[in-house]
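Reader: I have a chain on my screen and would like to get to know it. Could you walk me through it?

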Amino acid sequence: AHLTKHFYDRSRRQTTTAVSDLTLTVPDGTLMGLLGPSGCGKSTTLNMICGLEKPSEGRIFFGSEDVTDLPPEVRGVGMVFQNPDNQIIGNVVEEDVGFGPENMGVPTEEIWERVDRSLEAVGMTAYRLQSPNKLSGGQKQRVAIAGVMAMKPQCIVLDEPTAMLDPNGRREVIRTVHELNRQEGITVLLITHYMEEVIDADRVVVMDGTPKEIFSRVKELKRYRLDVPQVTELADELKEAGMELPDGILTTEELVKRLTPVLKGNAEEGGASRTRRDQVD
């Protein structure tokens, strides 16, 4: 609550503020997307939540417990970074996933139970004996997520986890994140610049609203140098051209569903006009 983070810039000999008086509430079991232009403090916010940065002002609570001064390893928060190569340290997939629990002092038998469950949850069981170096970017990121899961966090935060992946890898990872949230009930905080990745989130924090509420403000988002799903932008342009469409269309299926009666009505009106002209002629 009321988080503020200052950094001292030695080159400029001045203090800059990365986050100012931020209060953010994340209900248990939700998937929340954090959006905003570069430099707005998204990563700093996640680092404070995880314990990698200490706030200059404000406190961090998990439920009723004040965890502001607790080290990262006892907070129950796992973090997944942009580059999975910076997070994977094992020579074999299953060993890497088991590294975190082993460091926590978890008994050997339970470590392997956690490894089995985590790999199954991210769909990587078939690759457990492979070297991470032989995996694709998307597969590596799923292994990194499994490694975080094996430590049984209450919350997973992901700082642009798909930024270095191709489109297929991005889809793999985001599908995995959504499945963990829905099936395992894990609270997820996701930073991304790909707007399509948060259209199914429970909340999107830019101006605090649902994905539909946020993406309906196309021009406002663009003023903040934020992108929107292409289908949302197309729907907005069609609406400006005179079509009766609602705000905040998020998927191609929804656009087609909304366009069909509009186009059908226009076609019928055009047919009626031609009939009237024929009768006059």
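Author: Gladly! One definition to start: helices (H or I, at least four residues) and strands (E, at least two) are DSSP runs, numbered from the N terminus. Please keep in mind that this is a predicted model.

Reader: How many helices and strands does the secondary structure of the chain come to?

Author: Both kinds of element are present in the chain. Counted as such runs, they come to nine helices and nine strands.

Reader: Is the chain a compact globule or more spread out?

Author: For 281 residues the globule rule gives 19 Å. The radius of gyration of the chain is 23 Å, well over that value, so the chain is more spread out than a compact globule. Along its principal axes, the C-alpha trace spans about 90 × 50 × 40 Å.

Reader: Where is methionine 151 found, and is it buried, partly exposed or exposed?

Author: Helix 4 covers 137–149 and strand 7 covers 155–159, and methionine 151 sits in the loop between them. Buried would need under 20% relative accessible area and exposed over 50%. Methionine 151 has 32%, so this residue is partly exposed.

Reader: Which residues does methionine 151 touch, not counting those up to four places away in sequence?

Author: Asparagine 103 is 48 residues apart from methionine 151 along the chain, yet their C-alpha atoms are separated by 9.6 Å. For touching, the cut-off is heavy atoms within 4.5 Å. Leaving out residues up to four places away in sequence, methionine 151 touches Gly100, Pro101, Met104 and Arg114.

How values were computed. Residues are numbered from 1 along each chain as its sequence is written. This is a predicted model: local features need pLDDT of at least 70, side-chain atom pairs count only at pLDDT 80 or more; totals for chains, interfaces and linings use all residues. Side-chain values use heavy atoms; hydrogens and water are left out. The radius of gyration is taken over C-alpha atoms; the globule rule is 2.2 Å times the number of residues to the power 0.38. Buried means under 20% relative accessible area, exposed over 50%, partly exposed in between (1.4 Å probe, protein chains only).
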